Amino acid sequence: MAIARAFSLILLMFLAACNAKERGSTEITLWHAYRGAEADALQAVVEIYNSANAARGVQVRTLPVPFDAYADKISAAVPRGRGPDLFLFAQDRLGGWAEAGQAVEPIGFLLEERHRSRFLPNMLEAMTYRGQVYGLPFNFKSLALIRNTALAPEAPTTSQELAAIARANTQAARGIYGLAFQYQNFDFQAALLNGFGGGALDERNRAILDRAENARAFELLLRWKDEDPKLPPEPSGALITSLFNSQRAAFVISGPWFFGEVAPEIAAAVSPLPTLDEAGGAPIRPWVFVEGVFIAQGSKNVDEAFAFADFLTGPDAAAVMAAQGRQLPANAEVYQRREIADDPVLAGFRQQLDSAVLIPNAAEMALVWAPGEQASRRILRKEAGPAAALADAQAALERSIADLRRPQP
Amino acid sequence: MNFSKHWPIHLGLIAFIGLAMYPILWVVALAFSGSQDLTLANLPADPTQGDHLAAALPFPERWSLANFSGLMRDLPFLQWMGNSLIVSGLTTLAGIVIACPAAYAFSRFRFPGQRAGLFLFLVSQMYPVVVMLAPLYVIVSEWLRLGDSLWGLMLVYAATAAPFCVWMLKGYFDTIPIEIEESAIMDGVSRPRIFWEIVLPLARPAIAVTALFSFMTAWNEFILAAIFLENQDKYTAPVGLRFLVSDYTADWGYFAAGSILVSLPVAALFFALQKNLV
Amino acid sequence: MTRFWIGAVIGLLLAFVGLAAQQMGAARQQAIAQSAENATKIALELASAIAEGQAPVTALTQSQGELPPGFRALAISAGARTVLAEINAGGDLAPPRRLTRDEKLYYDLAFGLATALAINVEEGARVRPEINVLAGREQIRAAAPFPRAEGGPGVVVVEGRPAPPSLPLSRSLLAFSAALVGFVLLGRFWPAGQGAKAVALARMFALAAAILGSISGAWVGVLTAAIGGYALALAIASGGVEQAGKTLLKHNFAYAAVSPALLALTLLSFFPMFYGFVLSLTDTTLFNLSQPLLDRFNGLANYGRILGDFQVTTASEGRTLINYGNFYWTLGVTLAWTLTNVTIGVSLGLGLALALNTQGLAFAGAYRTILLLPWAIPNYITALAWKGLFNPQFGAINQLLQAGGLEPVSWFDQFGTAFLTSLAANAWLSFPFMMVVSLGALQAVNREMYEAARLEGASAWRQFWSITLPAIRPALAPSVLLSAVWTFNMFNVIFLVSGGEPAGATEILITQAYRYGIEEYRYGYAAAYSIVIFGLLLLFGLVQAQAGKRAETAR
């Protein structure tokens with residue numbers, strides 16, 4: 001009898017052990033390249049989810065990866081089925097992964113109406129490649145106009161207003177500038193190119209660098225740089241921050257990350273980039289990078305992964321990401337909430353979104369940078385006129401696109 | 001002391017050391033500045049030459065340990081240093097264990113394939129590592145199933161360091177007179193024993209360099225570690241350091257503090273081994 | 001005689017096993033392929049019927065009889081997430097229903113195929129297959145798209161399990177016995193000389209196997225097996241294996257000592273190299289990764305494009321501009337980079353070593369320790385620290401220039417100065433290593449020779465050239481050679497310090513390969529680039545090895 005009891009006890013314990021193992025068996029892994037406040041906010045969201053789902057035995061584990069290695073790590077691990085269940089990434093690599101296959105799981109089938117209507121305009125389009133949806137938009141980043149309110153109390157709405165205020169605040173000889181930004185970088189220049197109606201790729205991802213609009217955008221940039229209001233030479237990110245923090249730049253063009261570096265004694269405000277009088281009043285249109293949450297193909301728990309992605313892009317998680325992580329959630333509802341709507345920084349970048357354009361998510365985009373930067377270099381150093389330099393860049397880009405997309409049998 | 005005797009040499013060395021230490025002093029000053037800026041002194045709007053000189057000197061405006069404590073608080077940096085120590089220690093061991101016998105064989109024996117074999121070690125250094133990421137991932141993660149483990153890293157690092165170690169040791173073995181071994185063979189001592197008891201002790205300086213080199217190879221490597229490891233607890237220190245500088249923001253103060261922490265064990269190792277170096 | 005028998009029997013067995021396996025595999029493959037072809041045909045017919053306006057139900061009903069047993073057919077509207085019509089595995093018509101969660105694949109297939117159709121229209125050519133076929137051992141599935149006006153893309157899916165194949169052992173047996181008969185007959189009647197006999201036999205046997213194989217249609221497997229058997233028989237018969245075994249035994253200590261390192265190297269270095277070589281012969285990009293390797297093969301085209309592009313400069317509006325992306329420009333930069341770096345590294349290292357090696361120098365140990373410090377700092381830290389020093393506005397170097405009353409320099413704005421920044425960083429990084437190696441080598445120099453030279457009144461300079469340098473050369477040479485190779489491929493410093501600025505001018509070959517491969521998805525091209533780098537270094541290594549050999553024989 002005693003033996004039987006002991007035996008049944010052991011059996012029970014065994015079953016309980018099995019059961020416990022069974023229950024705790026679903027682990028969802030999430031890779032990301034966040035750090036600092038944004039990583040902390042993400043971790044907070046994960047912990048909320050984990051404690052709510054502990055009873056179901058679902059746990060999310062995050063792995064932060066250094067930014068420099070992030071894309072390489074995903075490209076190495078995911079197609080071989082050794083990736084995470086979910087990963088966060090901006091849309092600019094999406095087309096590449098979708099074309100290569102076996103990297104991102106299409107999720108169009110899993111989307112319901114509440115998902116489709118959940119996000120700010122254009123956000124889901126960033127996650128859509130050739131008709132199929134691959135991810136849920138999480139946060140977005142774009143450039144906007146940031147000003148030192150002590151030097152420039154009002155936000156300009158046109159480029160001439162901007163130039164006028166900037167001019168009044170510029171003493172180039174003393175290293176004081178009204179307007180400063182990393183104008184040598186192609187992604188900053190793109191805001192002007194897009195504003196003039198040009199850009200890098202058309203809607204079918206063909207090169208359009210040689211459009212006359214782009215040349216005109218560069219002419220305006222040259223004028224800003226050399227004549228009016230004059231921009232600082234060799235504008236590195238560190239220089240822009242330093243100028244702004246030492247009251248030597250009234251306006252800078254930068255993104256939400258810039259507020260992490262603004263000195264506490266500086267009063268900074270953000271507003272949308274002005275319209276271009278030089279382009280018939282069209283707005284300057286910066287590129288938007290949308291960070292989405294993607295399900296890695298080969299995930300063993302697509303449903304659970306999607307459930308967490310659903311939570312991550314919902315209003316509650318978005319509120320944490322915005323308030324604690326200083327991120328701009330793609331979720332639309334969160335901007336109705338009082339604490340977010342009243343936050344001038346978040347509201348300013350949110351407003352910029354209305355005139356911003358998505359950076360193309362096609363693989364061809366990766367080829368734009370090298371010719372784009374070479375052309376900008378030649379133009380800014382006056383080695384070539386905008387039209388000629390852009391024509392060269394166009395030819396180079398067309399060549400490399402043809403190489404990448406060589407017709408297949 | 002015969003300091004006066006060699007004064008030109010001393011002068012030259014001290015000048016060179018000043019030059020060579022300048023970047024290090026900058027990293028140190030940045031680490032102890034308590035701020036994240038690249039600049040230690042704020043330049044006024046119209047700087048004089050004196051202001052420029054002040055800005056060029058590697059002294060922070062105030063000294064602070066804030067960067068170190070902040071780094072420890074934000075990241076499990078000491079744990080990652082521990083992982084690095086494990087990987088680098090194992091790599092050093094493995095590097096020496098596989099390189100010493102190979103180098104000895106290349107130095108002492110004439111056998112078919114000797115010249116080609118030695119050349120193969122050199123050849124292996126010629127193919128760029130950054131384009132080997134994908135195949136290395138397949139080998140380590142898929143075939144050997146050592147992806148998420150420090151052993152896998154150790155293996156790759158040891159293989160990376162082995163060619164230099166073999167060449168270095170072979171060169172050194174060549175300079176050890178063969179007569180010592182020949183007399184030992186006459187006395188009937190076996191080859192492995194000769195190698196172990198006679199040759200290895202004589203080759204101490206070369207082994208020290210080899211050990212340093214293997215250690216450094218493992219200690220410095222970032223990209224493979226970041227790609228292979230799938231668990232934060234297993235990250236190595238260089239991976240951790242890379243968290244501090246990204247495309248958008250760079251915490252230069254933390255980075256400098258981390259750099260000093262990362263360099264300390266190696267400096268200590270150098271110090272410990274330097275008697276053996278020559 | 002025994003050797004002959006062993007060789008022949010092993011070769012034969014090998015061929016037989018290969019043949020049998022090949023036959024079984026081929027039969028199964030054939031059955032699967034047959035099934036898949038059938039399913040594809042039905043799916044295409046259904047899709048085109050529906051596309052031409054027939055109702056899905058009607059189309060499916062009409063094809064009911066054609067479906068193989070165990071197969072089912074579905075017509076799906078992906079946009080509406082509905083199965084419009086279905087004939088299940090039992091052959092019955094099922095009513096319309098919603099797609100279930102397990103049928104996500106059909107939805108994805110429909111969208112994938114719709115994309116393929118759209119791309120083909122865009123490109124005006126059939127660049128993407130307009131059908132998706134899975135032919136597995138467990139499952140066969142053919143999916144064909146039909147454009148649908150409402151509710152997004154539609155797709156017809158025909159799927160089921162393939163019929164198990166019958167094993168055609170009989171044919172293998174026939175091949176085996178034929179080969180056996182040939183073997184016995186030949187073995188009995190072939191005259192003279194064992195080696196010759198085995199060779200001839202293996203030849204005959206290979207021929208027989210190949211003929212039989214080609215009759216049965218599975219010629220690849222048979223040929224492989226036959227050649228394998230032939231080679232093995234040949235090796236054993238001629239005593240090659242035994243010879244190799246004897247060599248191994250004779251030098252057992254040497255081979256045992258070398259093999260662990262060589263094994264690690266083979267796995268972790270030579271295999272990736274081989275992989276890169278294969279990749280370099282293809283036009284692999286992101287867009288065709290999933291195609292079979294053979295389809296991507298394009299021979300030496302990548303090499304032709306890299307080495308055949310001589311457009312180093314372009315004329316634009318009367319000016320001559322350099323194409324920084326051109327291979328020969330980058331090669332020139334790389335060579336200049338390597339040459340200057342090695343020269344600086346070796347002279348600094350050797351100079352310091354000589355100074356430290358001075359007899360009776362006070363504090364030599366302390367100097368040495370301090371001078372080693374740059375080596376103790378990881379090179380990416382060094383690189384970033386130097387980048388900071390050269391920062392045009394805050395960098396200490398420009399501050400020093402201004403403190404001295406000079407104009408600040410825009411370091412990364414011009415090729416020359418940008419190159420200089422990387423050079424400074426790398427020199428700083430590499431001198432301690434050369435110093436240590438030189439110090440080690442200097443220890444071995446016999447001091448008595450200097451005494452003798454001094455007695456003869458030779459100057460210090462003269463002593464250095466005629467005593468020191470020849471004495472340390474052998475110990476120094478491998479390190480110089482290796483450091484040249486490392487510098488040639490020094491990714492970190494260039495990537496982190498100048499970052500190729502301005503506009504790719506200071507890019508070296510390795511950073512260029514990285515850009516093509518990792519950043520621009522042109523894998524085949526980047527692999528060819530890497531192989532070119534490898535080839536150049538190999539050439540350099542071979543020349544050096546020859547020089548070393550000459551020096552050794554001269555001694």
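1. **A kink in chain B.** Helix 4 of chain B has a kink of about 25° at B:Ala99, shortly before the proline B:Pro101. The bend at a residue is the angle between axes fitted to the seven residues ending there and the seven starting there. Helices (H or I, at least four residues) and strands (E, at least two) are DSSP runs, numbered from the N terminus. This is a predicted model: local features need pLDDT of at least 70, side-chain atom pairs count only at pLDDT 80 or more, and totals for chains, interfaces and linings use all residues. Residues are numbered from 1 along each chain as its sequence is written, while chains are lettered from A and ligands numbered from 1 in the order in which they are written.

2. **Span of that helix.** Helix 4 of chain B covers residues 77-108, 32 residues in total. The expected span is 1.5 Å times one less than the number of residues.

3. **Where chain A meets chain B.** The contact takes 22 residues from chain A and 24 residues from chain B. Two residues are in contact if their C-beta atoms, placed from the backbone, lie within 7 Å. On the side of chain A that touches chain B, strand 2 (58-64), helix 3 (67-77) and helix 10 (237-245) each supply at least two residues. Helix 3 of chain A gives the most, with six residues.

4. **The sheet in chain A.** Four strands form an open sheet in the order 8-9-7-10, with mixed pairing. Two strands pair if DSSP finds at least two bridges between them. Strand 8 (177-180) and strand 10 (268-271) of chain A are the edge strands, each pairing on one side only. Strand 7 (residues 144-148) and strand 10 of chain A pair in the antiparallel sense over four bridges. A:Leu145 has A:Ser271, in strand 10 of chain A, as its bridge partner.

5. **Helix on the sheet.** Helix 14 (residues 344-353) of chain A packs on the sheet, touching strand 7 and strand 10 of chain A. Its direction makes about 25° with that of strand 10 of chain A. Axes are lines fitted to C-alpha atoms, for helices over the stretch in contact; angles run from 0 to 180 degrees between N-to-C directions.

6. **A loop residue in chain C.** C:Phe310 lies in the loop between helix 10 (301-307) and strand 8 (313-316) of chain C. C:Phe310 counts as exposed because it has 9 C-beta neighbours inside 10 Å.

Notes
Buried ≥ 20, exposed ≤ 12 C-beta atoms within 10 Å, placed from the backbone.
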